[in-house]
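Me: I'd like to go through this one slowly and ask where the labels come from. Can we look at it together?

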Amino acid sequence: MELLAIHGVGDVRVDSYQRPAAGPKDVVVKMKAVGICGSDLSYIKFGGMPAEPGGTTALGHEGAGEVLSVGSEVDGISVGDAVIINPMMTPSNIGSGGPEGCFTQELLVREARLGDSILPIPEGISYEVAALCEPLAVAMHGVNRAEVSPGDKVVVFGCGPIGLGMLLWLNDRGITDVIALDLSEERLERARAIGVQAAFDPTKVDLRAEIAKYHGEVPSYGRVGVGTDAFIDAAGGPNILTDVIMMAKWHSRMVVTAAYMKPIEFPVGRMLTSEMTITTAVGYPTEMPDVIAAMPRLKDKLAALISHRVPFAEVLEGFKLAARPDSAKVMVDFEGA
Ligand SMILES: [Zn+2]
């Protein structure tokens, strides 16, 4: 067996691997499809989070596969079941600092529980669409935190896999006045394919004027704000917060899902007259079952989020593709590998 692991800053390798023996509370899943995540790329940049100094960090938290063995004390899960792994609901922090990662042929899921860390894949859903569950749940949580409803005007910064997922959920909830922003024309094209009011590069226009063109303007305590109800930051640009605060209307909302690595300055004083709310969203405390329930209805749109497919034997090549600004989700395929 093999396992993809980080050995140091910028140093990721496919190691030969001996999966630990499964206990009575554990399940082993034969991996079929695993997505490469932006956070995997971040982990590699800062050298991972090894449990011991000089140790390695196993990668992969967006996995789907077929149950290979089931411990005697596990209820409701059978050999052969097609399942999605919820890494947030396992005690072993799969792919985010724990001993196991999904980029392996056989994943040990410790203390597996049906409906919690192990979720059944609906009939007719491919493993690669199933493996999109994790990033789609992150995206849904960001949209849920924005507390939007039909009729609201929304701006989404960033059309990578998470931003595109957000556009998809906004569209699915009947929110039509959505502006998508990204620097990459390929990503903007994908946003347009999902269905948005407008999609453009914010650095090539007067951003405030362009947003006002679509969302209108409203008086806001002696100044004029744009009509946007909610801004969602899935990009992490250093000037996004400042730009939003300067144009935000009274009682608008902003949700930050991007990972800011450095502290940033922003004009808190200007927020006084908008009484706007800025909050964050991370992970997916409750969203995975809702994402899975939507899969049969949205499976073709979901499959369109995958820009590249690579076999596990070429996983390192896949990471290079995922780092390119024009890619969307890069899916690693274990079938026949
Ligand atoms: Zn992820």
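Me: What makes glutamate 66 count as partly exposed?

Reply: Glutamate 66 has a relative accessible area of 28%. Buried means under 20%, exposed means over 50%, and partly exposed is in between, using a 1.4 Å probe and protein chains only. So 28% puts glutamate 66 in the partly exposed class. Before we go on: this is a predicted model, where local features need pLDDT of at least 70, side-chain atom pairs count only at pLDDT 80 or more, and totals for chains, interfaces and linings use all residues. Residues are numbered from 1 along each chain as its sequence is written, and side-chain values use heavy atoms, with hydrogens and water left out.

Me: Why is the contact between lysine 32 and glutamate 66 called a salt bridge?

Reply: The name needs a side-chain nitrogen of Lys or Arg within 4 Å of a carboxyl oxygen of Asp or Glu. Here the N to O distance is 3.7 Å, so the pair qualifies.

Me: Is lysine 32 buried or exposed?

Reply: Buried, because its relative accessibility is 11%.

Me: How do you know that arginine 110 and glutamate 100 form a salt bridge, and where are they?

Reply: Their side chains come to 2.8 Å, N to O, so they pass the salt-bridge test. Arginine 110 is in the loop between strand 7 (106-109) and strand 8 (118-120), while glutamate 100 is in the loop between strand 6 (82-85) and strand 7, ten residues apart. Arginine 110 is partly exposed at 28%, but glutamate 100 counts as buried at 1%. A search of the whole structure gives 19 salt bridges.

Me: What makes both faces of strand 7 covered?

Reply: Glu106 and Leu108 on one side, and Leu107 and Val109 on the other, are all buried. In a regular strand, side chains alternate between the two faces of the sheet.

Me: How do you know that strand 3 and strand 7 pair?

Reply: Pairing takes at least two bridges found by DSSP between two strands. Strand 3 and strand 7 have four, in the antiparallel sense, so they pair. Valine 28 has leucine 108 in strand 7 as its bridge partner.

Me: Why are strand 2 and strand 4 called edge strands?

Reply: There is an open sheet of three strands in the order 2-1-4, with antiparallel pairing. Strand 2 (11-16) and strand 4 (57-58) each pair on one side only. Strand 1 (residues 2-8) is joined to strand 4 by two bridges, and isoleucine 6 stands opposite threonine 57 in strand 4.

Me: Why are helix 4 and helix 5 called roughly parallel?

Reply: Helix 4 (residues 161-172) and helix 5 (residues 185-194) pack at about 15°, with axes 9 Å apart. Angles under 35 degrees count as roughly parallel, over 145 as roughly antiparallel, 65 to 115 as roughly perpendicular, and the rest as oblique. The two helices are therefore roughly parallel to each other. The axes are lines fitted to C-alpha atoms over the stretch in contact, with angles from 0 to 180 degrees between N-to-C directions.
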